[in-house]
Amino acid sequence: KLESWRWTRLSDSPRPSSGHACFVKDTCAYVFGGLPGPSAEMMRMCFDPASMQGGFSSLGWSNITETVLKNSGGRVPKPRHNTNMAVDSDGGMAYLFGGFGGYAINFDDLWQFNVDELSWQILSPTNEGPTMRGGTNLVSRQGRLALFGGARCSPVCKCFDDLWVYDLSSGQWIELKAKESKPPARYKHNTVWFGDSLWIFGGEGYRFSQDYHNDVWKVTVPSLPTE
């Protein structure tokens, strides 16, 4: 129950997974990809809306991979891990960027997932954007996507400290360059887009062994310039 602040382990669960992407739309949760594998499976678990007041009652997990593959005409993201998905403000679309596909395999593709139609569509930005990487934390707000950092392993791993915003209406990536200090390069961090600011916490780097972060950074995202 939400008011009790207690965890409840549900009897239904998908396959064991790490580094997957997950998002929620209405009363359903969706999980894509992850390890072991990497995987390209899409799983969905829905809740009984009538149970929301007295605890959650799961209607069970279902593997919708084949349905999504058919609805997408066979064109779906390749298996990957250390990626994530961001849902737009209306909740009708979810977006996925990059990830790791295995040993020295990195992605820089951007996908849109239609939740109502259960179908993928690859997006084609009109300009160059972030390089291949995984371990980013894509977030969405008011028709824009944003991501900071990430890492590319080929096979030596390198972390990034760049900040990118993607305008869904124009199809353009814009790099926002810091005027002063900025967070050290990292991946596997968490990002929240609240108001006009991005908040970044934690993550891991490759400057030295056990390069873990516990710092919090805030950056204001300006209105996108027009050309």
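Predicted model: local features only at pLDDT ≥ 70, side-chain atom pairs only at ≥ 80, totals over all residues.
How many salt bridges does the structure hold? Eight.

Let's take the cysteines to begin with. The structure holds two disulfides. One joins C28 to C46, with the sulfurs 1.9 Å apart. Where do the two ends sit? C28 is in strand β2, residues 28-32. C46 is in strand β3, residues 42-47. The pair links distant parts of the chain, 18 residues apart. Both ends, C28 and C46, are buried. Now the geometry. The angle about the S-S bond is 100°, and the link of C28 and C46 is right-handed.

The other disulfide joins C153 to C157. Here the S to S distance is 2.0 Å. The link of C153 and C157 is right-handed, with 110° about the S-S bond. C157 has 23% relative accessibility, so C157 counts as partly exposed.

What about the pattern along the chain? Counting bonded cysteines along the chain, the disulfides run 1-2, 3-4. C22 is in no disulfide. For C22, the nearest cysteine sulfur is that of C28, 12 Å away. C22 is partly exposed, at a relative accessible area of 41%. C159 is in no disulfide either. Its nearest cysteine sulfur belongs to C157, at 7.6 Å. Why is that not a bond? A disulfide needs the two sulfurs within 2.5 Å, and the sulfurs of C159 and C157 are 7.6 Å apart. C159 is buried, with a relative accessible area of 12%.

On to the charges. Side chains of opposite charge can pair when their charged atoms come close. Where is K25? K25 lies in strand β1, residues 21-25. Is K25 buried or exposed? K25 is buried, with a relative accessible area of 15%.

Which residues pair with K25 in salt bridges? D26 is one of them: the side chains of D26 and K25 meet at 2.8 Å, N to O. The side chains of K25 and D26 also make a polar contact, at 2.8 Å. D26 itself is exposed, with a relative accessible area of 64%.

D116 is another partner. D116 forms a salt bridge with K25, and the closest N and O atoms are 3.6 Å apart. The pair links distant parts of the chain. D116 sits in the loop between β7 (105-114) and β8 (119-122), while K25 is in strand β1. That puts D116 and K25 91 residues apart. D116 counts as exposed, at 60% relative accessibility.

K25, D26 and D116 are linked in a network of salt bridges. K25 and G92 are 67 residues apart in sequence. In space, they are 7.8 Å apart, C-alpha to C-alpha.

One more of the eight salt bridges. The side chains of R207 and D211 meet at 3.0 Å, N to O. Which end is buried, and which is exposed? R207 is exposed, with a relative accessible area of 53%. D211 is buried, with a relative accessible area of 1%.

Last topic: cavities. How many cavities of 30 Å³ or more does the structure hold? One. The largest cavity has a volume of about 50 Å³. What lines the largest cavity? The lining residues are P14, R15, S17, V31, G33, S39, E41 and M43. By class, that lining has three nonpolar, three polar and two charged residues.

To recap. Two disulfides, in the pattern 1-2, 3-4. C22 is in no disulfide, and C159 is in no disulfide. Eight salt bridges, with K25, D26 and D116 linked in a network. And one cavity of 30 Å³ or more.

How values were computed
Residues numbered from 1 in each chain as written. Heavy atoms only, no water. Helix = DSSP H or I, 4+ residues; strand = E, 2+ residues; numbered from the N terminus. Buried < 20%, exposed > 50% of the residue type's maximum accessible area, 1.4 Å probe, protein only. Polar contact = N/O pair within 3.5 Å; in protein donor to acceptor, adjacent residues only side chain to side chain. Salt bridge = Lys/Arg side-chain N within 4 Å of Asp/Glu carboxyl O. 1 Å grid on protein atoms, 1.4 Å probe; cavity = no way out; pocket = protein on both sides within 12 Å on 5 of 7 lines; lining within 4 Å. Points joined across faces, edges and corners; volume = space filled by probe spheres on them. Nonpolar A, V, L, I, M, F, W, Y, C, P; charged D, E, K, R; others polar.
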